Amino acid sequence: MTIQVLAAAILIASLSMREAAAEGFELVTREAWGAKPAIQQRMTEHQPSGLIIHHTSVAQQPKLSLERKMRGLQAFSQRPGKVGKRRKPAWGDVPYHFYIGVSGRIAVGRSLQYAGDTNTNYSTSGWIQVVVEGDFTKEKPTQAQLAALRALTTHLKTTFGITGARITAHDDHASTNCPGSALKRYLPTLR
Ligand SMILES: [Zn+2]
């Protein structure tokens, strides 16, 4: 890992609730949502230089806490299973670096030091994976989610020197309907 990535990873990790709030978003740390340790042997280090936006592809669940959803996602991620009809191996951690819940609170996922995981066919190396809760082929992102996505994107662009052209959607990389048209339409406004 380069010093630059390490510095940026530490910066994100140490971003206090107050600092994040000043930049317009609320971060829920791994400690706060009760993450289990990541399994490092199953993950690959990388140098973040772009952003990929996803949806969870399941309906928004406002009554379930973000913390509980993250614990569930991590448990699913760390064991073998299926995504749709495709089998997935046990991953080292949640596949995404950030998860934007329906209320706009942002949970810290996989360490930025490691590339994400996917069940579609593209290289995740170099990409920061951001997922927004919902199925945006059928429903719309909330105003709070859009505001959080905008603030987080601005922060990551500055931190990693990411250019507008490297702000992308999952369907720019692989054959998928992710992140859904109701979210994808906001992409140009984030660049
Ligand atoms: Zn996706």
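**Strands and core of a predicted model**

Three bridges join strand E2 (residues 50–55) to E8, and the two run parallel. The model is predicted.

Q: Which residue in E7 is the bridge partner of Ile52?
A: E2 also pairs with E7, in the parallel sense, over six bridges. In E7, the bridge partner of Ile52 is Gln129.

Q: Which strands are the edge strands of the open sheet of six strands?
A: The order of the open sheet is E1-E6-E5-E7-E2-E8, and its pairing is mixed. An edge strand here pairs on one side only, and this holds for strand E1 (27–28) and strand E8 (167–169).

Q: Why is E7 largely enclosed by the rest of the structure?
A: Trp127, Gln129 and Val131 point one way from E7, while Ile128, Val130 and Val132 point the other way. Both sets are buried. E7 is therefore largely enclosed, with the number of its six residues that are buried being six.

Q: Which residue in E7 does Tyr99 stand opposite?
A: E5 and E7 run parallel and are joined by three bridges. Tyr99 stands opposite a residue of E7, namely Val131.

Q: Which residues does Leu152 touch, not counting residues up to four places away in sequence?
A: The largest nonpolar core has 31 residues, and Leu152 is one of those that touch the most other members. Helix H5 (143–160) is among the elements that supply at least two residues of this core. With residues up to four places away in sequence left out, Leu152 touches Phe25, Phe98, Ile106 and Val130.

Notes:
Residues are numbered from 1 along each chain as its sequence is written. This is a predicted model: local features need pLDDT of at least 70, side-chain atom pairs count only at pLDDT 80 or more; totals for chains, interfaces and linings use all residues. Two strands pair if DSSP finds at least two bridges between them. Helices (H or I, at least four residues) and strands (E, at least two) are DSSP runs, numbered from the N terminus. A nonpolar core is a set of buried Ala, Val, Leu, Ile, Met, Phe, Trp, Tyr and Cys residues joined through C-beta atoms within 7 Å. A residue is buried if 20 or more other C-beta atoms lie within 10 Å of its own, exposed if 12 or fewer, and partly exposed in between; C-beta atoms are placed from the backbone. Two residues are in contact if their C-beta atoms, placed from the backbone, lie within 7 Å.
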